[in-house]
Amino acid sequence: MKIVIINGSARKGNTLAAINAFIKGASEKNKIEIIEPDKLNIAPCKGCGVCQCSKGCIDKDDTNSTIDKIAAADMILFATPVYWWGMSAQLKLIIDKCYCRGLQLKNKKVGTIVVGGSPVDSIQYELIDKQFDCMAKYLSWDMLFQKSYYATARDELEKNKDSMNELEGIGKNL
């Protein structure tokens, strides 16, 4: 299976640790590519609608090549830290730009990993999960998992062996 991971974090901290644990489990049987929005040249969606009349975004940036990778994947993993009770701007930018070819994202297998500085029973995780639930319903996604983790120090999640083993197991069991 071809898996695309969208890393919504610009830092090398807990979200990346979660991604790496997932990859450790999933890499043996799957082809994995990581998209790092903070390293791409992608303009925000302007809502111009021209993409609905063509085969993609009219912006002359990394949008179309990025969306090509996502559309070609069998599974998409969205990973994000919590920024102000929501997903990061980096991840939201990619999701917004998927509008240009949204119907090509129908029927994908999807998972989410959310890492925040509040306990996992906080409303922030529920808000992010609900956004993904709405996208999943609209695009007929097979939501394989939605995992949330609490970590504040930069290396805290990596030290949590139970969480790392859980993420590795999710990857391995795909």
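Residues are numbered from 1 along each chain as its sequence is written, and side-chain values use heavy atoms, with hydrogens and water left out. Because the model is predicted, local features need pLDDT of at least 70 and side-chain atom pairs count only at pLDDT 80 or more, whereas totals for chains, interfaces and linings use all residues.

Helix 1 (residues 14–26) packs against helix 6 (residues 161–172) at an angle of about 45°, the axes lying 6 Å apart; helices are DSSP runs of H or I with at least four residues, and strands are runs of E with at least two. Axes are lines fitted to C-alpha atoms over the stretch in contact, and angles run from 0 to 180 degrees between N-to-C directions. Helix 1 and helix 6 are therefore oblique to each other (under 35 degrees counts as roughly parallel, over 145 as roughly antiparallel, 65 to 115 as roughly perpendicular and the rest as oblique). The residues of helix 1 that meet helix 6 include Ala17, Ala21 and Phe22, and among those of helix 6 are Met164, Leu167 and Ile170, contact meaning heavy atoms within 4.5 Å. The residues of this contact divide into 8 nonpolar, 2 polar and 3 charged.

The largest pocket has a volume of about 380 Å³, the space filled by probe spheres set on grid points that are joined across faces, edges and corners. A pocket is an open set of points on a 1 Å grid where a 1.4 Å probe fits, with protein on both sides within 12 Å along at least five of seven lines, and lining residues have an atom within 4 Å of a point. Of its 20 lining residues, Cys98, Tyr99, Arg101, Gly102 and Leu103 are the closest to the centre. Helix 4 contributes the largest share of this lining, 3 residues.

The second largest pocket holds about 200 Å³ of space, and helix 1 and strand 4 (109–116) each supply at least two residues of its lining.

Notes
Ala, Val, Leu, Ile, Met, Phe, Trp, Tyr, Cys and Pro count as nonpolar, Asp, Glu, Lys and Arg as charged, and the others, Gly among them, as polar.
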